[in-house]
Structures are given as C-alpha cells and as structure tokens.
Amino acid sequence: MNSPAPAVTRNTIKLLDVQNFTLPGKLAAVLFGTFFLTLSSYVEVPMFPVPMTMQTFAVMLVGALYGWRLGGVTIVAWLAEGAIGLPVLAGGAGGAQHFLGATGGYLFAFPIAGMTVGWLTERGWNGQRVWLSALAMAIGNAICLVLGAAWLAMLIGAEQAIMLGVVPFILGGLLKSALGAMTLKLLTRDTKPAAE
C-alpha cells in the first residue's frame, strides 16, 4: 500500500519582517525609513511647479515593507522632520512653508498612499504577486496625484493643476510602481521545505 505523498507547503519569508520587531527594533526601523525617504528626496528632476523625485517610490516601498501602521508612522515622522526645518524634503528642502505651497497636497497624500499600499500588501498584494504589488503601488501613486492636484487646483486652477501636477507624473508613477514591485519581490522569497 502506497502512502500519500506529503503536501509541500510554501512559506513566504520577508527579509525585513518589522511586524515581529521589538519596540526598539521598530524605532530603529522608523529611523531607517525616514533616512531612506530622505535619500529618495535628493533624487530629483526639477520641474515646475512640483519637482519629480523618487519620494513616491520610497513611500510605497515603506508602506509595503512596514505595513500600514508602522509605514504610516514612519512617513508621518519623516514629514514632521521636514516641517520643523530638517533638509529631508525634495532637493534637501525643509520648513513648514512646503506644506502650504504647491507641494502641500502631495506631502499630505504620502501617509495616506503609503498606508493604502501597506494595507493592500498585508492582504496579499505583495512581492509574491508582482502584478498585484505593482497595482497596489500604482493606486498609491494615483492617490498622491489626485490629492496633490486637488490642493494645487486651489492655487493655480483645475486645468493647470492637471496639466502641470498630474500629466507629467503619470508615466513616472507607473515606472516607479513597477520598480517598487520588483524591489519588493527581491526582498521576499518563497521557500519549499523538504518533505518530512
């Protein structure tokens, strides 16, 4: 009589599993995340009235890796650093005036976008499903564009806000979403334990 073959289970291993970190580990993760977000701010293509940076790439990746709660805390901590004047925003800028000017809507959208990506990632839109991960990050980018343009529209009008604050960023947002999903895939892997 043949015994049935043992089932092979698949486990997903995260190289950065912050959900299981201790409190000091989570604080260190927040500090590292704010540093990563700051570095992304220095990768900039000057545009008017809003520069193109790698911030949205970093925001979506922090949300996906940290989850919606810790990701949101990390992004808000980074924005607080910028609000008090630390040079952590686009091109090394800092100060509360950036939250009231043309970039304000995008800055306020970052925590919402990152938390949305984190929430979707926790529900399976993760590195093991690259196309779903890319879609989650594209949704996050869309949130940034919609909220950013809504704020910008109050300053320069709706048509100008769309032409200057949305259209030039669509392709970049899609490319950064794909890059983010591939990065997330590299930071997670499937393992198949040996049959017992």
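In this predicted model, T34 lies in helix α1, which spans residues 23-41. With a relative accessibility of 4%, T34 counts as buried, because the cut-off for burial is under 20%. Leaving aside residues up to four places away in sequence, T34 is in contact with T74, A77, W78 and E81.

W78 also belongs to the largest nonpolar core, a set of 29 residues in which I75, W78, L79, L89 and F110 touch the most other members. Two or more residues of this core come from each of α1, α2, α3 (104-122) and α4. Helix α2 provides the largest share, with 13 residues. For I75, the contacts beyond four places in sequence are L37, V59, V62, F110, P111 and G114.

The relation between two of the contributing helices can now be described. Helix α2 covers residues 55-83 and helix α4 residues 130-156; their axes come within 10 Å and cross at roughly 125°. The crossing of α2 past α4 is right-handed. On the α2 side the contact involves T56, M60, L61 and A64, which meet M137, G140, N141 and C144 of α4. Classified by residue type, this contact of α2 with α4 comprises five nonpolar and three polar residues, and no charged ones.

Definitions and conventions: Residues are numbered from 1 along each chain as its sequence is written. This is a predicted model: local features need pLDDT of at least 70, side-chain atom pairs count only at pLDDT 80 or more; totals for chains, interfaces and linings use all residues. Side-chain values use heavy atoms; hydrogens and water are left out. Axes are lines fitted to C-alpha atoms, for helices over the stretch in contact, and angles run from 0 to 180 degrees between N-to-C directions. Helices (H or I, at least four residues) and strands (E, at least two) are DSSP runs, numbered from the N terminus. A crossing is left-handed if the near helix is turned anticlockwise from the far one by less than a right angle, and right-handed if clockwise. Contact means heavy atoms within 4.5 Å. Ala, Val, Leu, Ile, Met, Phe, Trp, Tyr, Cys and Pro count as nonpolar, Asp, Glu, Lys and Arg as charged, and the others, Gly among them, as polar. Buried means under 20% relative accessible area, exposed over 50%, partly exposed in between (1.4 Å probe, protein chains only). A nonpolar core is a set of buried Ala, Val, Leu, Ile, Met, Phe, Trp, Tyr and Cys residues joined through side-chain atoms within 4.5 Å.
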